[in-house]
Amino acid sequence: MSAAPLLEAVPLLQVEGLSCRFGGLLALNNVSLAVRQGEIFGLIGPNGAGKTTLFNVISALTPPSSGRVLWRGALIPASRPDQLSRLGLARTFQNLRLFDSLSVRDNVLVGLHRFAASPLAAGLLGSAGERRRQRQLEQRALELLALVALEDEADLPAASLPYGERRRLELARALATEPQLLLLDEPAAGMNPAEKNDLCGLIRTIRDRFDLTVMIIEHHVPLMMRLCDRLAVLNFGERIALGSPAAVRQDPRVIEAYLGSAR
Amino acid sequence: MELIQLLLNGLSLGAVYALFALGYTLVFSVLGVINFSHGAVFTLGAYFTYLLIGGQAGANGLLAGLQLPVALPFALALPLAGLASALVALLIERVAFRPLRQRGSDSLLALISSLGAGVILVNLIQLLMGAESYAIPIGTLGSLPAALRFAGAQVRTVQVLLLAISVLLLLLLSVWLEGTRSGKALQAVSEDPVTAQLLGIDSDGMIRLAFGISGFLAGVSGGLVGLSVSIAGPYFGISYGLKALGVLVLGGLGSVPGAMLGGLIIGLAEAFVPAEWSGWKDAVAYGFLFLILVLRPQGLLGRPLGTKV
Amino acid sequence: MDAGLLEQMLIGALLALSVYLPLRCGQLSLATPGFFAIGGTVAALLSTRIPIFAGTGATSPLPALLLEMTLAGLLAGLLALAIGGTVLRLRGIYLAIATIALVEILRVITLNLSFTGGALGIFGIPQPFTTTAGYAGFTLVLLALVCWLCARLEQLRLGRAMAAIRDDELAAACVGIDTAQVKLQAFVLSALLAGLTGALAAHFLNSWNAKVGSFDASITTLAFVVFGGSRTWLGPVIGGLVLSALPELLRPVGDLRLIVFGLVILLGPVLFPQGLITPQGLQGLGHRLLGYGQQLRGYGHKLLVRVNGPRRP
């Protein structure tokens, strides 16, 4: 293996030779990429290219057939989604997975689960310290809701929110876990152009404010070109391009496989 | 001679479990729900059979002393009892399952409402026929001898009959499922009801069919067990029903060959429990069930359980 | 009201809460009667065999009852802890069937061991209370305590995590909830509650045998929760109280009573798919009461103004 330049920092997340086979279908074929600390990294490709599968492998929901995922240069010492969450990984889902019977506020409070740890007995008896902690958590939940402009809906059941607000709530819930890497699976799906624009701004804001690294899947290519620092393009489970938006745009394989066929 | 007798005991018991479990499986595969009234329909089948062969109601129920004007031969009474049980199963589908299905309710609710239907049936039987046990006299079988000599051993005719009829029904069911249009349509509904509907299959009709067949199977096996070991009161189907759950999970929920295999294994295992341990016999099925759940949750012949992301 | 009936209702409510705890995180466990039976067996054995628990043989000291309940709860909880890790990997109907099997295995064991009295069970369990009203009073306090703890739990991290797992287990895991552990905690709490309730019930019933932990009991306790509603602790409590009283209340219809009971179980899910008690329903009721309250305050204010004259700014 060639010596890596010493000055370049270790990437936050590395995916090496990842393959994923479902029966006869090769959903991911030897995919490798690295996501650097602090960047917004886009993942584009036609439907069925394996983008969501890649997210699922990274977040330990789907075991890979071969290959490995490195976190800060080391093998991840965890195999369950909840352990990964504690490590600093959060995600949203393409088909939105909120806790529908809970209130908007409680959805975010569930995201704060890790920070609410207290002995069950102290909690049940409601000691003074416990009550103060509870208030702090609720305060934190409200701040996060304010960030995604949902503070007025805090007491509504999550199931009652319209589509776009549900997407923002899922984002707030993911942020509540205080991630270092945030995986967003089609966060702009079903939004109108103005909402998409707002979302772009919001993603940049949270990246800066929370010192985040963001990995994002989105179909709207112009939006991705504007938003992302770097992009990877998947097609039929293979990574066919990787680089800056400008470079990817001019890559002949991308034009042929993705942009060409999509037009 | 012991061995032959034990083997036959095990096989016939296993065949009954398999028939019972298949009734669960048919409904489970189309609805994804365990029909907890199944044991009560089994019991009902036994009582129907008893009445149809001309048996007299005991002294403790509302029907005290009642006797049907005709006494049918067993060969006719059994299928008729099966049909009557099928009608009851259809009625249960109508009142306990369909309203919930049409509303798209949680399948847990159907479990409860089907149980309510079972409670009603069992207590209705008790109200009408009393809590006493009934024996179906062996004379019902006409000129057949009570025991046969087989490979140098004495075996009860009833058990040979029980085994033969169960195996015949299991075979018919397999042929129907694999070899006919309606059988395949039922399988399609169990794979994916929405797609099946789009392909022009009448899902509701198939669900009714599944209930009807499972009711028929329950009724017939009830009659057969009643003939073999007598009807021990309105609650006698429940323990069979519970063990059949074990059979079901052992073989794999929703798998027809699995239900048969599971029935065979548990029936044989119970038959070979030594007499001095007979008190523990009832635990055999559940022990197996526990073991299989730990080692292979999808059952022997079931498909792996996956989660969708 | 007959104190004996009240005691049965209260025990029904406690058992309903025991079924509710795993169900709150989406786990359909029917093991409650098994743990209930274990708890009762512990109390029956201790208070008929061990002198310090037995008292005079006819009456036993109250502290002994409390200690028995604790031990019974702990034993049931430990058993739940031991098997929970394995059993709770199963989902939906598989878990339900596995827990039915557990109850049946425990029943067969109780039937076949000599020291549990076989099929006849254990008789002459001494009485810590001399009257049925004493039992009812004690159990009422216990139920109130358990309700308060359940209500608190729903506000806490564990209660929220439980509800989150019921709504979407995968999403719950992805926000950092150790779902296996939360489910195990709910299962152990459920067993603990059933165990200590069993210890109390054994004294109340005066005899204890394998029949208390049967499939029928599994389903009846589940019916409590489904009937009352499984979204908040009040549902199972109401369901347990009402359905335990029903067979008694229906005594006037004689032989028909179990048929009517069956009808209620059949129609309950059809007519009230969410159960009788839902958080939305409670909220609606709360708003209405709040409305009445404000109206009352308005009247009160007018009255004060009339008496004292307008307040100075």
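Helices (H or I, at least four residues) and strands (E, at least two) are DSSP runs numbered from the N terminus, and two strands pair if DSSP finds at least two bridges between them. What you see here is a predicted model, in which local features need pLDDT of at least 70, side-chain atom pairs count only at pLDDT 80 or more, and totals for chains, interfaces and linings use all residues. Residues are numbered from 1 along each chain as its sequence is written; chains are lettered from A, and ligands numbered from 1, in the order in which they are written.

**View 1. Four strands of chain A form an open sheet.** Follow the strands across in the order β2-β1-β4-β5 and you will find that their pairing is antiparallel. At the edges stand β2 (25–35) and β5 (74–75) of chain A, each with a single partner strand, so one side of each has no neighbour in the sheet. Strand β1 (residues 13–22) of chain A is joined to strand β4 (residues 66–71) of chain A by five bridges, the two running antiparallel.

**View 2. β1(A) and β2(A) make a hairpin.** Seven bridges join these two antiparallel strands. Look for A:L18, which stands opposite A:V31 in β2(A). Two residues lie between the strands of the hairpin, and here A:G23 takes a positive phi near 60°.

**View 3. A:L13 sits in strand β1 of chain A.** Is A:L13 buried or exposed? A residue is buried if 20 or more other C-beta atoms, placed from the backbone, lie within 10 Å of its own, exposed if 12 or fewer, and partly exposed in between. A:L13 has 23 other C-beta atoms within 10 Å, so A:L13 is buried. Which residues does A:L13 touch, not counting those up to four places away in sequence? They are A:A34, A:V35, A:W71 and A:L181, where contact takes C-beta atoms, placed from the backbone, that lie within 7 Å. Along the chain, A:L13 and A:A34 are 21 residues apart, yet 5.7 Å separates their C-alpha atoms.

**View 4. Helix α6 of chain A is largely enclosed by the rest of the structure.** Eleven of the 14 residues of α6(A) are buried. Several of them are arginines, including A:R166, A:R167 and A:R168, and A:L169, A:E170 and A:L171 are also on the list. Around these buried residues of α6(A), you can find β6 (89–91), α3 (104–111), α5 (128–147), β7 (181–185) and α7 (193–210) of chain A, against which they pack. After the helix comes A:E178, with a positive phi near 50°.

View 5. A nonpolar core is a set of buried Ala, Val, Leu, Ile, Met, Phe, Trp, Tyr and Cys residues joined through C-beta atoms within 7 Å. The largest one has 277 residues, and A:A172, B:A18, B:A21, B:V247, B:L289 and C:L17 touch the most other members. Helix α1 (residues 2–31) of chain B gives the most to this core, with 16 residues. Zoom in on B:V247 and you meet B:Y17, B:A18, B:A21, B:A259, B:G262, B:G263, B:I266 and B:A285, leaving aside residues up to four places away in sequence.

**View 6. Chain B meets chain C.** In this contact, 37 residues of chain B face 31 residues of chain C. On the chain B side, the elements that give two or more residues are α3 (74–102), α4 (107–129), α9 (236–251) and α11 (281–295). Which of the elements gives the most to this side? That is α4(B), with twelve residues.

**View 7. Chain C is built with 13 helices and zero strands.** Of its 313 residues, 55% count as buried. Among contacts in chain C between residues at least 6 apart in sequence, 80% join residues at least 24 apart.

**View 8. Helix α7 (residues 157–167) of chain C is mostly covered.** Eleven of its eleven residues are buried, among them C:R157, C:M162, C:I165 and C:D167. What covers the buried residues of α7(C) comes from two chains: it includes α3 and α4 (120–125) of chain A, together with α1 (3–24), α6 (132–155), α8 (169–174) and α9 (179–205) of chain C.
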